[in-house]
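Open the model in your viewer and keep the selection tool ready. We will go from stop to stop, picking residues as we go.

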Amino acid sequence: LKAACADEGVRHAGGRGGDWAVRLSVAKAPNIIKTGRRRLSFVMYIGDEDEPSIPWRVLPSAAENLDLKDGVELVTGGSAALGSWTLHAQESSGTKKQPSRLDYLAMPTEGQSDYFLYVRELMLGVMYEQMERNPSSDQFQLNLPNGATTNSNLALFQVTMTVPGAVDFVFLNHGRKLRPEPTPKGSRTQWSWTGSGSESGSGSGSSSGSGSGGSSGSGSGGSGGGSSGDAASGGGDEAECGSGLPPEDDATSVQRVGALSGDMLSVQLADAEKRFQARFSYAFLGGKPVIANDPHHEMLQSSLSELLGSMGYSHGTSKVRVRNRGGGKPSSYMANTQPGGLYASVPSRSFAPRPTMASEGFNQLLLMAFDPLLQRDSLAHWLDLMAHDGWIAGTQLLGEGARARVPPESVVQDPILNMAPPTLWLPLSRMVVQMAPWRSDREEGANRRFLARAWPRLVAMYSWYNATLRGPIPTTYRWPGRNTTTTTELNPLTPGSGMPDYPRSSHPNEDSRDVDSRCWVAIGARTMATLGVLLARPISEINMYKTEAAQLTGLPILRPLHMDQATGHFLDFGLHTEDVELQRTSYPVEGQVQEFTHRVVNVPPTPRRVKCYGYVSLFPLLFGLIDTDDEMLGRQLDLLTNPELLWSSVGVRSLSPGCVLYGRHNAEHQPPEYRGHIHVGINILVLDTFARIATSKSRWASDALAAYGELRRALLKAIKQGYANQGYAFERYDDATGEGVGAHPYSLLTPLIALEVNQWQPIVWALAIP
């Protein structure tokens, strides 16, 4: 799938979102088994979650002629968000003997918001109907019935084409606003982060697209315009959209379609691909040219394209639980937020089509290297969704479409139950490093302006996590929101940590102490202290963050709280017992015997350390809390590279085989996730740590360099093998076989591209506080 955004010369003046085009090319894959089939069918669909401002007209001028060779206007409509628009299709290549065939179906969604599932149901319905008409036929060909009902807001178009072939879909925004959009009383003003000045403008990338209506659209591989989602239009002033524009004649529409299809689109796609190759070479290959047909470079570019292609703009309200912490008995109630937008990546669109903060910070590390403007635009959107107290929902469910594939009990976002690890500190820390006075980074000025404006939001975010995670003992922190009464889970989940089934204390309470939660707050304090100095904030502010950073990063305080002196492992602490198991018990239910799985505690819990060495134990090392000249560093490196613990031929596993919960299900239908499997994001931080030590004057620099090379080769081998055999990037990898498991395709794999940079530049968690 290739796509390109229109250039300024082919956009309609003032059109919100601009014009765009997508080319769908079909060709036989190499080494494919030869068959007699030469024609292929696919269905594309377009929908509008909001009620259309004017009725849709499907195939308004081509009711009798569905030949795509000359181009067809598929549908025309309008929405309050976009104004009037049309969607066109034109065959860009194919055989002269057998042109492509077009069939269609349009109807109202009737409250259905998950278009993918609804389209699948419609297709199955059409298939069953056609099979009932010809039950004795041994041949079957599915064709949409070519019909449209009134009040349609979902249209399906089936293209049957000869292989090889290609069809161009062109979306025209005519820029005529159909009705005013009053600002809701009391609504907040969106921040205009990058919509003006030197940061405005459009960019290039490998893939882009859009969706109609007010809900969502698949994103752009280039740099965006404004934080309110006007990436395609270059961040123009929203107030000027479509006011007073004259009606557009047919000749002008034909010219605009021609400028974005056929040979004209081929030229733009070729130009965009050249720019993509050049930027990829500069960012990840040290300026060396991309090697054509090289399977390694192909995998890396494919992974990057998956991340860029996963970026999309979603808009709508979120359902949140508001907690009342005032005087009297605590209470809560459900409310809808003001409408907001988010331009962000989606790790696995086919599995979970919604942005999550747990993965966003890792993805932004890659975006920062490839397109810093795009990264700042996305980061601005995340910060703009912040509540007044600093909370950002860990999973963003903006609009009914995003909520459609979420269990009903998870739709309402709770500040405690639906938090996420503050991975945004990862890109923020690197941006601060780029501002350091001893560096001459070309992004220094842009980062400084951005972070100066973002400072109030960063203060709120740090304060919220610091207050919410803090434990009863000074400098102790824990993840709240764990189920204290569960009888079905072997170890209560910790969803807020981003590692939900990682073994924690078996009986969570307020006295629990979690290593990783403390380290996340520590990196936040360190980043804020350094940024405060670089931005010349008041001394009182800087000193507050410096004091908290010194307390949270100091080993003399950390060791008594979390270190097991015998093993050297950093461990969680809490009310815990290892002697728990899942048992199946039979009960009579309405005259029938049913089996239930429940937890049995054989030995009562006691306050103790949770003796499970894994990812959590690495956080003090990964976040630079151990100085490169500290004796503790050598001991931690020996533990990390011990094959009997986390080190494997595939990568760094999430949990040591010595832990009693290694590889075990947490509940009947909860397979292990962070109980041995290798997760790429943490492995990237491990590589970053090795590189930081290897480039220092530490006496363990040579050991770190050797470990870096070994881990890098192991990871790339496993990823390459999985990509070659399975064709996907996966959420995680089996620590024994190296096979990909979990959600796929999964764009969180893409930070591996950073391994190809000639001179690795660590995130530098150990950045000195001035």
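The tour below covers a helix, some strands and several aromatic rings.

**Before you start**

This is a predicted model: local features need pLDDT of at least 70, side-chain atom pairs count only at pLDDT 80 or more, and totals for chains, interfaces and linings use all residues. Residues are numbered from 1 along each chain as its sequence is written, and side-chain values use heavy atoms, with hydrogens and water left out.

**Stop 1: helix α4**

Select residues 295-310, which are helix α4. Helices here are DSSP runs of H or I with at least four residues, strands are runs of E with at least two, and both are numbered from the N terminus. How far apart are the end C-alpha atoms of α4? They are 22 Å apart, which agrees with the 22 Å that 16 residues should span at 1.5 Å a residue. The expected span is 1.5 Å times one less than the number of residues.

Now colour the buried residues of α4, among them H296, M299, L304 and L308. Buried means under 20% relative accessible area, exposed over 50%, and partly exposed in between, with a 1.4 Å probe and protein chains only. The buried residues of α4 pack against several elements, including β12 (312-316), β15 (340-344) and α16 (701-726). Contact means heavy atoms within 4.5 Å.

**Stop 2: strand β15**

Move to β15. Five of its five residues are buried. In a regular strand the side chains alternate between the two faces of the sheet.

Five bridges join β12 to β15, and the two run antiparallel. Strands pair if DSSP finds at least two bridges between them. Which residue of β15 is the bridge partner of G312? That partner is A344.

**Stop 3: an open sheet**

Show β3, β9, β7 and β8 in that order: they make an open sheet of four strands with mixed pairing. β3 (39-47) and β8 (147-148) stand at the edges with a single partner strand each, so one side of each has no neighbour in the sheet. Inside this sheet, seven bridges join β7 (residues 101-107) to β9 (residues 154-162), which run antiparallel. Pick L105 and find its bridge partner in β9, L156.

**Stop 4: a hairpin**

Go to β17 (residues 580-589) and β18 (residues 592-601). Ten bridges join these antiparallel strands. They form a hairpin with two residues between them. In the turn, E590 has a positive phi of about 50 degrees. V589 stands opposite Q592.

**Stop 5: aromatic rings**

The structure holds 15 aromatic pairs. Rings of Phe, Tyr and Trp (its six-membered ring) pair if their centres lie within 6.5 Å; planes under 30 degrees apart are stacked, over 60 edge-to-face, and the rest tilted.

Select W56 and W85. They form an edge-to-face pair, 5.4 Å centre to centre with 90 degrees between the planes. W56 is in β4 and W85 in β6, 29 residues apart. W85 counts as buried because its relative accessibility is 0%.

Next, W647 and F690 are edge-to-face at 6.1 Å and 65 degrees. W647 is in a loop and F690 in helix α15, so the pair ties together parts 43 residues apart in sequence.

**Last stop: a charge over a ring**

Select R513 and F573. The charged end of R513 sits over the ring of F573, 4.0 Å from its centre. This counts if NZ of Lys or CZ of Arg is within 6 Å of the ring centre and within 35 degrees of the ring normal.
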